[in-house]
Amino acid sequence: MNNKRDLVLYIAASLDGYIATEDDSLDWLFNVEGEGDNGISEFYETVDTVLMGKKTYDWIVKHESGEFPYKNKECYVFTRSTMEDTEDVKFTNKNVVGLTNELKSQEGSNIWLVGGGELLQSFLKEKLVDEIILTVAPTIIGKGIPLFNKGDYQLDLILKGTRTFNQFVELHYEVKK
Ligand SMILES: NC(=O)c1ccc[n+]([C@@H]2O[C@H](COP(=O)([O-])OP(=O)(O)OC[C@H]3O[C@@H](n4cnc5c(N)ncnc54)[C@H](OP(=O)(O)O)[C@@H]3O)[C@@H](O)[C@H]2O)c1
């Protein structure tokens, strides 16, 4: 197995740990004064595969105008429903351990876990996440969709670095295995 192919959670959250409001709005995030593209394109170059939950996929399809944003990557969308693949994504109900091991057994670059919180919880419980890059917005939204759902898991992290993009702080952690 090629252990160099890391599974990386790269995500943005409010200071109080939410990734969207209860009605799926990200306005609080997009209204923040960042710097350049806040490091996204640099990160994007390091991955060739993208994983996301069905609700995150639905958000992207509804809100991103024009082309699917991850067209040039292999993109898997987790859902428990049976759905026809599109030219942009493969829908999967595979066990997260099974799919991660399958991907890691293949040659490739890093794997981006986009979110959301519900899908992330399955990966955290199984300790499948290798790195976390969290961009913190200077916003407290009080309630919303949590980044980290309650559950029986504990992960110990090693701080690899921090960067700021104007009002954003990026925290880069490696997960202790
Ligand atoms: N701030 C950010 O950077 C960021 C990043 C990503 C997402 N978001 C936001 O987060 C929100 C969505 O997050 P969320 O936590 O509500 O939902 P989510 O994790 O994106 O999607 C949940 C859905 O994914 C499927 N799913 C989850 N775990 C699964 C598993 N282990 N196996 C198979 N299918 C599984 C289920 O789909 P079915 O119901 O179809 O079975 C479930 O309903 C959206 O508003 C999105 O915009 C924000």
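Predicted model: local features only at pLDDT ≥ 70, side-chain atom pairs only at ≥ 80, totals over all residues.
N38 belongs to the loop between α1 (27-30) and α2 (40-44). With 19 other C-beta atoms within 10 Å, N38 is partly exposed, because the count falls between the limits of 12 for exposed and 20 for buried residues.

The secondary structure of the protein consists of 5 helices and 10 strands. The radius of gyration is 16 Å, close to the 16 Å given by the globule rule for 177 residues, so the protein is as compact as a globular protein of that length. Along the principal axes, the C-alpha atoms fill a box of roughly 40 × 35 × 35 Å. Buried residues make up 26% of the 177 residues. Among contacts with a separation of 6 or more, 77% are accounted for by residues 24 or more positions apart.

Strand pairing links β1, β7 and β10. β1 (7-14) and β7 (131-137) pair in the parallel sense, over 7 bridges. On its pairing with strand β10 (residues 168-175), β7 runs in the antiparallel sense, over 6 bridges.

The largest nonpolar core comprises 25 residues, and V8, L9, I111, W112, L113 and V129 have the most contacts inside it. Two or more residues of this core come from each of β1, β3, β4 (74-78), β6, α5 and β7. Apart from this core lies another, of 10 residues, including A12, Y18, L29 and L147. The surroundings of L113 illustrate the packing of the largest core. When neighbours within four places in sequence are left aside, L113 is in contact with L7, V8, L9, L51, L120, F123 and V129.

The shell around the ligand contains 28 residues, of which G53, T56, R80, G115 and G116 come nearest. By class, the shell divides into 14 nonpolar, 9 polar and 5 charged residues. At least two shell residues are supplied by each of β1, β2 (18-20), β3 (47-53), α3 (54-63), β6 (110-115) and α5 (117-125).

The peptide bond from G115 to G116 is cis, with omega near -5°. G116 is found in the loop between β6 and α5, and both G115 and G116 are among the residues that come nearest to the ligand.

Technical notes
Residues numbered from 1 in each chain as written. Helix = DSSP H or I, 4+ residues; strand = E, 2+ residues; numbered from the N terminus. Rg over C-alpha atoms; globule rule 2.2 N^0.38 Å. Contact = placed C-beta atoms within 7 Å. Near = placed C-beta within 6 Å. Nonpolar A, V, L, I, M, F, W, Y, C, P; charged D, E, K, R; others polar. Core = buried A, V, L, I, M, F, W, Y, C linked by C-beta atoms within 7 Å. Pairing = 2+ DSSP bridges.
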